[in-house]
Amino acid sequence: PENSISGIDDTVIAKMSDEQVRRLLLEELSKQAKTHQDKDDGKEGRSAIVHFINNIKDRVAHIQERIEFLKTGGGEISLGAADSIFIFNPKDGGLSPVRSLFNILIVFLVAFGAELLFFWYASPLKKKVLEEAPGVLSRKIFRQLLRAVLDLFSIFIFIVAVFLSYHLFFHGSPNLRTAIAAYLAAIVIVRFVMVIVRFFLVPKYAASRFLPLTDSTANYLYQWTRIITFTAAFGLLTCGLMRLGGASEAGHIQAVILVAALIALQLIFMILQKRKDVADYLSKGLERNTPRWRLTQIWHHFAVLFVVIMLIATSSNVFLGNSGNMMAVKTLVMIPIYFFMDWALRMILDVLFGLIPKDEKTELEERAERFGEQQEDPDSDLKVSIIKKVEFDRAKEFINNSLRAALLALFIVWIFNIWGVELPIGKAVARAAFNILIVVLICYVVWELLN
């Protein structure tokens with residue numbers, strides 16, 4: 001018989017063993033879970049709408065709470081912009097602002113001196129890696145990896161030198177130590193990002209660059225990446241120091257939004273400065289006054305709108321206290337990753353389609369002359385070859401465009417996921433389409449080779 005705890009007398013339960021009681025509890029819990037599930041299934045038709053409305057209510061209530069909280073100053077005693085930073089607060093340790101700045105400057109100068117010494121010893125090897133021009137793609141990548149290892153080792157020496165110089169020559173306050181650690185983290189972040197960017201762009205050394213970029217484009221992207229990374233790392237870490245130093249949350253939010261606005265202005269300046277060059281590149285091979293050509297001429301409007309939307313979304317997240325997920329940074333990182341994946345996909349497609357043998361007119365003519373064959377219709381083979389070439393080009397263009405479109409759809413879905421918008425159906429469809437097109441590509445290449 002089916003047992004339930006509510007239907008059993010306490011004296012009977014007291015005589016049961018521990019194992020019997022445990023089984024009765026498990027049965028009771030499973031019954032309750034099944035009952036709740038049946039109720040939820042009965043409300044499934046309206047549960048999605050109710051959940052959506054409840055989320056809106058919770059978000060509105062949260063915004064009202066944040067507004068009231070920030071109106072009071074964020075629950076902290078607001079200090080000035082200078083006093084809120086650790087190194088300018090002389091109460092702890094008795095260090096004056098000038099002395100604090102001097103100590104920090106000396107620590108980093110000693111570290112840079114130690115790194116400069118290593119650079120002097122390693123410069124012949126780095127010069128050899130950069131100046132020699134390997135023609136093979138794999139050798140270019142290997143040389144850039146070797147250069148990246150040297151750069152990472154140089155950063156490691158800098159970090160060790162900072163710690164040693166501080167502990168050997170300075171005994172400042174805990175606040176000074178925190179400030180040094182924060183700006184050391186900012187310098188390391190900037191330099192680590194630049195190592196990755198330098199690996200792909202290889203500024204000033206076109207012979208060692210494996211990406212199809214001109215010197216001017218590589219140098220331009222490299223310089224602006226360094227400026228934006230410097231602004232983000234030092235700006236946000238300075239905001240963090242201000243918050244730890246006693247600044248109110250409202251002041252901290254204003255400072256973070258100011259840094260985000262500065263980065264957005266830098267991105268918009270880049271877009272507007274190179275709008276003509278990018279439009280010429282995008283419209284290459286397109287007929288003038290066609291819809292696609294006109295779309296390439298106004299690309300900068302969409303790019304600026306995207307930056308503004310990102311700034312608004314970032315400001316909203318900071319206002320609501322959700323700045324720790326760094327969604328804007330992840331989105332910016334996804335953009336160069338997409339362009340690199342798109343380039344790699346086109347390279348792979350060129351290699352795969354290059355495996356398919358193609359008949360040329362010159363080969364047919366040379367064969368006819370060599371054997372002296374007089375055909376009834378000397379152009380028949382040529383016509384067949386031209387038809388095959390047209391079909392091959394159409395299939396290549398279709399597969400190429402379809403795979404690139406599927407890749408773009410995947411990245412768009414991932415960006416939506418970064419911002420908290422879940423699109424499981426879109427992700428599944430994009431992945432399935434991409435996988436199907438890969439299978440079609442492989443089958444097409446194999447079929448042509450067998451023919």
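Residues are numbered from 1 along each chain as its sequence is written. In this predicted model, local features need pLDDT of at least 70, side-chain atom pairs count only at pLDDT 80 or more, totals for chains, interfaces and linings use all residues, and side-chain values use heavy atoms, with hydrogens and water left out.

**Exercise 1.** Describe the packing of α7 against α8.

Solution. Helices are DSSP runs of H or I with at least four residues, numbered from the N terminus. Axes are lines fitted to C-alpha atoms over the stretch in contact, and angles run from 0 to 180 degrees between N-to-C directions. The axes of α7 and α8 (residues 249–273) lie 9 Å apart, at an angle of about 175 degrees. α7 is therefore roughly antiparallel to α8, the term for angles over 145 degrees. Contact means heavy atoms within 4.5 Å; the α7 side includes Y220, W224 and I228, and the α8 side includes H252, V256 and F269. By class, this contact has 16 nonpolar, six polar and two charged residues. Here Ala, Val, Leu, Ile, Met, Phe, Trp, Tyr, Cys and Pro count as nonpolar, Asp, Glu, Lys and Arg as charged, and the others, Gly among them, as polar.

**Exercise 2.** Determine how α8 is oriented to α11 and which classes of residue meet there.

Solution. The axes of α8 and α11 (residues 299–319) come within 10 Å and cross at roughly 170 degrees. This makes α8 roughly antiparallel to α11. Among the residues that meet are I253, I257 and A264 in α8, and W299, V307 and F319 in α11. The contact has 18 nonpolar and three polar residues, with no charged residues.

**Exercise 3.** Characterise the second largest pocket and its lining.

Solution. On a 1 Å grid over the protein atoms alone, a pocket is an open set of points where a 1.4 Å probe fits, with protein on both sides within 12 Å along at least five of seven lines; lining residues have an atom within 4 Å of a point. The second largest pocket holds about 490 Å³ of space. Its lining has 19 residues, with F112, E115, R191, R198 and R226 nearest the centre. Two or more lining residues come from each of α4 (97–131), α5 (137–169), α6 (174–201) and α7 (215–244). α6 gives the most, six residues. By class, the lining divides into 11 nonpolar, one polar and seven charged residues.

**Exercise 4.** State how α5 and α6 pack.

Solution. Their axes are 10 Å apart, at an angle of about 170 degrees. α5 and α6 are therefore roughly antiparallel to each other. Their contact has 17 nonpolar, two polar and five charged residues.

Terms used. Points joined across faces, edges and corners; volume = space filled by probe spheres on them. Parallel < 35°, antiparallel > 145°, perpendicular 65-115°, else oblique.
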